[in-house]
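Work through these exercises with the structure open beside you. Try each task before you read its solution.

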Amino acid sequence: MALYTYDEEADALYVLLAPEPEAAIERTIELGERLHVDVGADGVPVGVEILYPSLGDVDLEPLRNEYGLELKVPFRFAA
């Protein structure tokens, strides 16, 4: 189960995909201006950052195409 955190000041949503102890980030890959993926040493995604979710929908298709992830944001953000 993914853990969602939202930083209202930064307007950034982070989705942790791996349990905390296993979420060692090797590098961050930019899949779009507002979509970044943190991957471990094995290239497996451990987290996803969505910038400015309050602006509306973010194209998550690159996440699906590159990593086979179907990410569902469980709530809407007020502008």
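Helices and strands here are DSSP runs: a helix has at least four residues, a strand at least two, and numbering starts at the N terminus. Keep in mind that the model is predicted.

**Exercise 1. The elements**

Task: Find how many helices and strands the protein has, and give the order in which they run.

Solution. 
- Step 1: Count the elements. There is 1 helix, and there are 5 strands.
- Step 2: Start at the N terminus and read on. The order is β-β-β-β-β-α.
- Step 3: Place the helix. Helix α1 covers residues 61-67.

**Exercise 2. Two strand pairs**

Task: Describe how β2 pairs with β5, and how β3 pairs with β4.

Solution. 
- Step 1: Take β2 (residues 12-16) and β5 (residues 45-51). They pair in the antiparallel sense over 5 bridges.
- Step 2: Find a facing pair. Val15 stands opposite Val48 in β5.
- Step 3: Move to β3 and β4 (residues 35-39). These strands also run antiparallel, joined by 5 bridges.
- Step 4: Find a facing pair here too. Gly32 stands opposite Leu35 in β4.
- Step 5: Trace the chain from β3 to β4. A hairpin of 2 residues makes the link.

**Exercise 3. Leu60**

Task: Decide whether Leu60 is buried or exposed, and find which residues it touches beyond its sequence neighbours.

Solution. 
- Step 1: Locate the residue. Leu60 sits in the loop between β5 and α1.
- Step 2: Apply the cut-off. Buried means under 20% relative accessible area. Leu60 has 16%, so it counts as buried.
- Step 3: Leave out residues up to four places away in sequence. Leu60 then touches Leu35, Ile50 and Leu71.
- Step 4: Leu60 and Leu71 are 11 residues apart in sequence, and their C-alpha atoms are 7.4 Å apart in space.

**Exercise 4. Positive phi**

Task: Compare Asp11 and Tyr52: what is the phi of each, and is each buried or partly exposed?

Solution. 
- Step 1: Read the angles. Asp11 has a positive phi of about 50°, although it is not a glycine. Tyr52 is not a glycine either, and its phi is near 50°.
- Step 2: Asp11 is in the loop between β1 and β2. Tyr52 is in the loop between β5 and α1.
- Step 3: Judge the accessibility. Asp11 has 10%, so it counts as buried. Tyr52 has 43%, so it counts as partly exposed.

**Exercise 5. Salt bridges**

Task: Find how many salt bridges the structure holds, and which residues they link.

Solution. 
- Step 1: Side chains of opposite charge can pair when their charged atoms come close.
- Step 2: Count. The structure holds 2 salt bridges.
- Step 3: Take Glu61 and Arg64. Their side chains meet at 2.4 Å, N to O. Both residues lie in helix α1, 3 residues apart, which is about one turn of the helix.
- Step 4: Take Arg64 and Glu70. Their side chains meet at 2.7 Å, N to O.
- Step 5: Glu61, Arg64 and Glu70 are linked in a network.
- Step 6: Check the accessibility. Glu61 is partly exposed at 32%, and Arg64 is partly exposed at 33%.

How values were computed: Residues are numbered from 1 along each chain as its sequence is written. This is a predicted model: local features need pLDDT of at least 70, side-chain atom pairs count only at pLDDT 80 or more; totals for chains, interfaces and linings use all residues. Side-chain values use heavy atoms; hydrogens and water are left out. Two strands pair if DSSP finds at least two bridges between them. Buried means under 20% relative accessible area, exposed over 50%, partly exposed in between (1.4 Å probe, protein chains only). Contact means heavy atoms within 4.5 Å. A salt bridge is a side-chain nitrogen of Lys or Arg within 4 Å of a carboxyl oxygen of Asp or Glu.
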